[in-house]
Amino acid sequence: MMEDIRYLSFMRILYVEDDLSARDEVAFMLETYAGELIVASDGKEGLALFKEHKPDIVITDIQMPNMNGIEMATAIRKEDPDIPIVLTTAFNDSEYLFKAIELNITVYETKPIDLKRLLMKIGSIAKQLYSDSERRQMQFLLEEYQKAIEESTYIVYIDSSGKIVNMNERLADVLQTTSEEYREQELCRFLMPEREMEIESLKKSINNAEEWNGELIYRRIGSFSEKYFKATMIPMKHMGDAKIRFLLFMQDITELISYRKLLQKELQKTKISLEEKINYLKQYQQIIDAATAVCSFKPDGTIEKTDDNFNRTLGAETGELIGKSFFKLCEGIKEDIVKAVERAKSSRSFVRIEAKCKKSSSDKERIANSIFKPIFRLDGTIEEIVSVHQDITELIDLNKEIKDTQKEILYRLGEVAENHSKETGQHVRRVAEYSYLMAKLAGVSEDEQEILYATAPMHDIGKLAIPESILHKPGKLTPEEFEIMKTHAQRGADMFADSDRPFMKAARIVASQHHENFDGTGYPNGLKGEDIHIYGRIVALADVFDALSVERVYKPAWPMDRILAYMQEESGKKFDPSLITIFFDNLDEFLKIRKIYSE
């Protein structure tokens, strides 16, 4: 990760902090590495400097005079929805974290700031920004190059059997036709050499996937007009369209043919110009190749060729992977590739797979968006399978870091709710652990286990909106007070109402449904049975089991035998009976969690 820091030299960073000592310390570090550092002492000044300088990364404190960090970040998001924003904040700033989640904050760092960790995180952001910028620039250049080629010459796109796939608009216009009129027709019926010997040479070049140079004549049916073209056909191994195997570049030499002997010098210039365009296209293809990694292998998986990018991605020397099994290198995709090859025999299609590859068990696994395309001989048998890979490992790592940040924010919010209601800090930890264990035992998917573990601490987040006089009342609540207390479930759900992110949606379910009863007598919506989401049913059980075992301002702790009797008695009433069965069948594991996280 430390090598990522060098990318900060390409970045303009805006740092906003009202605390002078903290600002001087962090600014000193950033000045050492950043390409340009802009410093502001409050949100209002920071927003003005953002609009003036358009930085690449924003780092800001939350609590500041004039305009706080959340307000500034909200205004910045309206100007630039995608700019990375890093929040540095003290623990007591948790009231602002909901807004931080809605703003899709990139990194959340608590004070006191660990300078090395902050430097590594913004270094990772800078690396991703630099890579994105390079990728956009490359894509722009490729589009400009392709546009320049399309506009400067006549092009016919040809498949491996010699049939026309398409032609560029410039050629269609000069021939007064459309690309659809000649699509799927054999090239030699549309454009043909003047001499029989050259026709055979062209067909042979198509069969052998070889380059061909010559002159072609276009004769339109029902017309006496002719067009003469100087032509070069080149085979293409890696095109975006899998159907295209050849590009035919042509220059109109109709007028020159009549004066061939008199205009030899001009014809030579034309040839040179055409060769320049071919060289230009080859350079264009080299740019495309540089953005991908290529490996070809036999149907049994034996690797025959790898390019430098593929070797570099897996940390292999040139030739080191030749003869090894691709299916051992990238495990878990053999079945999909075999099926794709069978489909391709009739459709000549390709398959997209997310491939996970590594050279050996001790190496880091690389993840790539990959395309696999069988290359067929004329008799229909497979010559080889060509695979083209785009490495997305670092992008996935960055997404995981963002997800981990969201989970950390949710857990901290759960602790804030517990502290507000003056309940024990370990309660949210135990509820999360109980919920994770129950989800695992109940057969919930691994992804949902992870989501529930992160969001279970949100079950009582709505208590932040309940008056302390009710939360901290030592005796029994009046009917009116209890109705107010019950609103915490819906109020908690409302805090996450405007987000469609998986963790936020799950937090909304947990907050709103953990007081719903299996028999339909719960609140706030009187849901019944499996109309209650599995998250709500699990957290309801975990919350009650833990709450009964600890002392609260309004009750003493219950002994374990009384708790277990109550849980059994409420099976099918308050709790899902299937979860109660799982609970008692695995009681020792739940009690082990209680012991590990006891107060």
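**Backbone notes**

I began with glutamate 184, which sits in the loop between α7 (179–182) and α8 (187–190), where helices (H or I, at least four residues) and strands (E, at least two) are DSSP runs numbered from the N terminus. The model is a predicted one, in which local features need pLDDT of at least 70, side-chain atom pairs count only at pLDDT 80 or more, and totals for chains, interfaces and linings use all residues. Residues are numbered from 1 along each chain as its sequence is written, and side-chain values use heavy atoms, with hydrogens and water left out.

Glutamate 184 is not a glycine, yet its phi is positive, at about 75 degrees. I noted it as exposed because its relative accessibility is 51% (buried is under 20% relative accessible area, exposed over 50%, partly exposed in between, with a 1.4 Å probe and protein chains only).

Alanine 209, in the loop between α9 (196–207) and β9 (212–219), also has a positive phi, near 55 degrees; at 26% relative accessibility, alanine 209 counts as partly exposed.

Next I looked up cis peptide bonds. One joins lysine 111 and proline 112, with omega about 0 degrees, and proline 112 lies in the loop between β5 (107–110) and α5 (115–152). Another runs from tyrosine 523 to proline 524, with omega near 10 degrees, and proline 524 belongs to the loop between α21 (502–513) and α22 (534–548).

Last came helix α16 (residues 426–441), whose end C-alpha atoms are 23 Å apart, in agreement with the 22 Å that its 16 residues should span, the expected span being 1.5 Å times one less than the number of residues. Its buried residues include His427, Arg430, Glu433 and Tyr434. Glycine 443, which follows α16, has a positive phi near 85 degrees.
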